[in-house]
Amino acid sequence: MKFPDPEITPEVIATHGLTEEEFNRIVEILGRRPNYTELGVFSVMWSEHCSYKNTRPLLKGFPTKSPKVLVGAGEENAGVIDIGDGLAVAFKIESHNHPSAVEPFQGATTGVGGIIRDIFTMGARPLCAMNSLRFGSLENSENRRIFSGVVAGIAHYGNCFGIPTLAGEVDFDPCYEGNPLVNAFCLGALRHEQIARGAAKGIGNPVFYVGPATGRDGLAGAAFASQDLTDESAEMQRGAVQVGDPFMEKLCMEACLELLATEAVAGIQDMGAAGLTCSTCETAARAGTGIEIELTKVPLRGANMSPYEILLSESQERMLIIVNQGHEEEVKRIFDKWDLPWAEIGRVTDTGSMVVKYEGETVVNIPAKILADEAPIYHREAKRPEYLEKSDAMTLAQAPELTDVHAALGSLMSSPGLASKNWVYRQYDHMVRDGSAVCPGADAAVLRIKTDSLPPLKLNEDGSPDIGTEVPEKYLAMTVDCNGGYVYLDPYNGGISAVAEAARNLACVGARPLGVTDNLNYGNPHNPELFYQLKESIRGIAEACAFFEAPVTGGNVSLYNQNPKGAIDPTPTIAMVGELDSVENVPKASFQNQGDVIVLLGDPLDSEDALLGLGGSAYWKQVHQLKTGRPPRPHLVREKKLHDTLRELISKGILTTAHDCSEGGLLFAVAESCLSEDVDFVTGRMAGVELDLREIQKICNGRLDATLFGETQARVVVALPEDRFQEMEIIAERMGTPFHRIGQVGETLVVEHEKLAETEGPTLTVQVDETNLEWDLARLRSDWWGTISDKMRLAT
Amino acid sequence: MKVAVLQFPGSNCDQDCVHVMKNVMGVDAHLVWHKSSELGGVDAVLAPGGFSYGDYLRSGAIALFSPVMGAVREFADQGGLVLGICNGFQILCEAGLLPGAMVRNRSMEFVCAPTLIQTQSLNSPFTFKTPTDRPARIPVAHMDGCYVAEPHTLDELKKHDQILWKYVDNSGQCVPSANPNGSVENIAGVCNREGNVAGLMPHPERACEPVLGMTDGKWIFESLCAAVKGGFQRRSAA
């Protein structure tokens, strides 16, 4: 053989991230010792990223079925859900945390590229993206570099590809320093009959490689992502970061959708994590067949690449297509039209084995099904973390005094995690494809699906794609949420709260949950305390998803998010997709009309919460630098009633405003609704408000901090015209949702950001026990709007 | 009425243009592949937004070598109406069909947000149906939208009524803060001297339906459609 086969020593096994037991299992499976290339193949396929070996038993607890689930979790590259009229959506979220820590721009671009490929692999046309991001404090220049690189990377890929990045969340906490989280979501639409499968069906069918040539980039990236990050690993693993080309992906997507409209495709799979290795053995495993490929036929862009390198490369924008025999010409015609490389590299066989040859000589021969599906499974030890004893013992008596209420709200408004994310979402094209009915900055995004959102149905005689007859327009809502601090302080309830918040955000635009895709970001599972966080929060998520009838259709697990300084807060990101009956009455997150009545829907306080909603609150974190106390508990029954009430009120067109009241508390939620209307590039709208919170304060045992900044769950701030108040009352009472009239919208003012400093304008006044508080909205807006861009400008 | 929407590799607003022309304006519209050397008997051509050829050289720079651009040039030379939007505007500038050029936004960042643009001249088939009492609210989404031109070119543009749209604030003032990309004199869009070829950075096709929150983009397409039906005569300027 042309390439030397290094000896398999214990060191070589260890550098491949495999244990001795795992190596012995490999020997058992093969009936012989693996060669170097085979060892590499097992190493990536048995990484956590590909095999879920540490989490599979826990993930079994997730509800995965509903009458609307057409393709369920784990079956294919993404789940597919029925949205009626013969239409369906495919969606999924996936992490690119480790690569983004090492090379933020490329790490983020390839995260977006990977998830888009998962969606069109299902036969769906990718329609919108979201993301969930976490970084260390922006006071640190390295964190700013990573933040700006990640945002620019997401923007570069999504904007060029032509997919609107319609929503997301960004938070900052020292625990993410050196361990940024980059979770990318994509949703696509298709007709039921267009669902494609990643199975190597049909013995004798040719296997095609399409897309750009394979290089040495991203070698064994999946294995890299399944280790702790150290300075050394970051330096050494820069080569494990892939390079993204959104232009190539756009062409590849259009070509694949055109090809899927023909009779040519028996199976299709993207080459993502573990590249050619994963796609060949998984497609064979799904179909119960074997697959044989010849590596010298693979288009290469690196000189002298060894079989090991070719197999484990994670070069981007490549697809594997199993073609029905006799249809080879169609593949060639369509990929030539799009000027994309293609190559026939092998055949489907009946051996059940993944066989890889180089110059005709076998370099890999492994049973495909065992490789793909029978990775070792570990039941790790879980131990309740010691820090929880201390944080659970936190009492109100120990709580810090609220000394300056004016400064406290100002500090929340200007903390990067709570401030406006315009610096981020304005770098993302969030309007391309003419479907963005509710844009970033709202509680949930709303996307229109129309006929041209679908993949082509067939090709016309001249070869042009035909999208078929008109379909009815559909509206979907989506959001991505997780309060990592809550999960850290109470893993089980924090998991429930993440799902409840997502469902609440959907309800704020009148949507009903359809399904969930989750991105489980944690530290090293070998640490029993960290494994406890994982286990308990997953239990909470599973319970809440079942309660809201939102099946989990797939997702991603990212472990080892820790460096020598420590682990991240457990951050199970929940991306939830819902459906709207009508888009006509969707309320805004901001206050609209002078005279509208402001109402707090939901119980103002959880009477069993000894900390009155202040545990783990943003107020304690931002104003008092405290991350402690048991966070407000979720209450699923109250949540459900609240969401049903919201949907009923919205369907009747009663609400002009609905805004989730969670992180930051009631005063922050109201302040955001006073400020959050974008008019155009330079202009925003503010709405003055008069609140009377004396009654709420009484309910909160007279405590001002709990009244203003407590984060009691299952609450939403709404506004409505005075003459619809009675209707609201009747509906809320009938549906069992408590409500309190807390104020009224005053004058509104449209003002340019630049002129905020000299603007005399509307105020936010709050009547509380014995005093009247007042904030100048122009000042608040200036802080809230400009915080992130000001910090990033300082960075350059 | 028949409209051709050009489709380059990397175009990504092509379907949006077809959608609006068909479903909002009610006219026939179809995609024309960049390798095609004919447009097929159309009344107007739209060069849509996107990242043609990935914009890896200079935005719009490679597209002009596509066979279809020969047909567009011929169509334009015969007085046909051609409108370039965003990347389409960049392509028409690179092809020399429009004066000036586009460079990176002064902020060095991609910007996606609604802007206000004020029509500067009604002496154009792309604007003559535009209300003048208020600016149009139309979003931008670009990285390379800073319009630049030599001083003598700017003089020519003014002399021949070729500046069609400028970014303004909500009181209609042409102030620097209203300019999303640093374009010279807040220019958002221009036309050629004959007036039949125009380009703009904002995306009117994203502002034609109430459900998307903006509708002023229709003004431009309504003008275009009315002009095709013969309702417009350009006055020679200067």
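Author: Helices here are DSSP runs of H or I with at least four residues, and strands are runs of E with at least two, both numbered from the N terminus. On that basis chain A of this predicted model contains 28 helices and 31 strands.

The C-alpha trace of chain A extends over about 85 × 60 × 50 Å along its principal axes. Among contacts in chain A with a separation of 6 or more, 85% join residues 24 or more positions apart.

Within this chain, helix α23 (residues 636-651) and helix α27 (residues 725-735) of chain A form one packed pair: their axes come within 9 Å and cross at roughly 150°. Because angles over 145 degrees count as roughly antiparallel, α23(A) is roughly antiparallel to α27(A). The crossing of α23(A) with α27(A) is right-handed. On the α23(A) side the contact involves A:Lys641, A:Asp644, A:Thr645, A:Glu648 and A:Leu649, which meet A:Met728, A:Ile731, A:Ala732, A:Arg734 and A:Met735 of α27(A). By class, the residues of this contact comprise five nonpolar, one polar and four charged.

A second pair lies in chain B. There, the axes of helix α1 (residues 14-24) and helix α5 (residues 218-228) come within 12 Å and cross at roughly 70°. Since 65 to 115 degrees counts as roughly perpendicular, α1(B) is roughly perpendicular to α5(B). This crossing of α1(B) and α5(B) is likewise right-handed. From α1(B), B:Val20, B:Met21 and B:Val24 meet B:Lys218, B:Phe221, B:Leu224 and B:Cys225 in α5(B). The contact of α1(B) with α5(B) includes six nonpolar residues, no polar residue and one charged residue.

A:Asp118 belongs to helix α7 (residues 104-121) of chain A. Its relative accessibility is 5%, so A:Asp118 counts as buried, the cut-off being under 20%. Beyond its neighbours within four places in sequence, A:Asp118 is in contact with A:Asn77, A:Ala78, A:Lys92, A:Glu94 and A:Asp270.

Methods
Residues numbered from 1 in each chain as written. Chains lettered and ligands numbered in written order. Predicted model: local features only at pLDDT ≥ 70, side-chain atom pairs only at ≥ 80, totals over all residues. Heavy atoms only, no water. Axes fitted to C-alpha atoms, helices over the stretch in contact; angles between N-to-C directions. Parallel < 35°, antiparallel > 145°, perpendicular 65-115°, else oblique. Left-handed = near helix turned anticlockwise from the far one by under 90°. Contact = heavy atoms within 4.5 Å. Nonpolar A, V, L, I, M, F, W, Y, C, P; charged D, E, K, R; others polar. Buried < 20%, exposed > 50% of the residue type's maximum accessible area, 1.4 Å probe, protein only.
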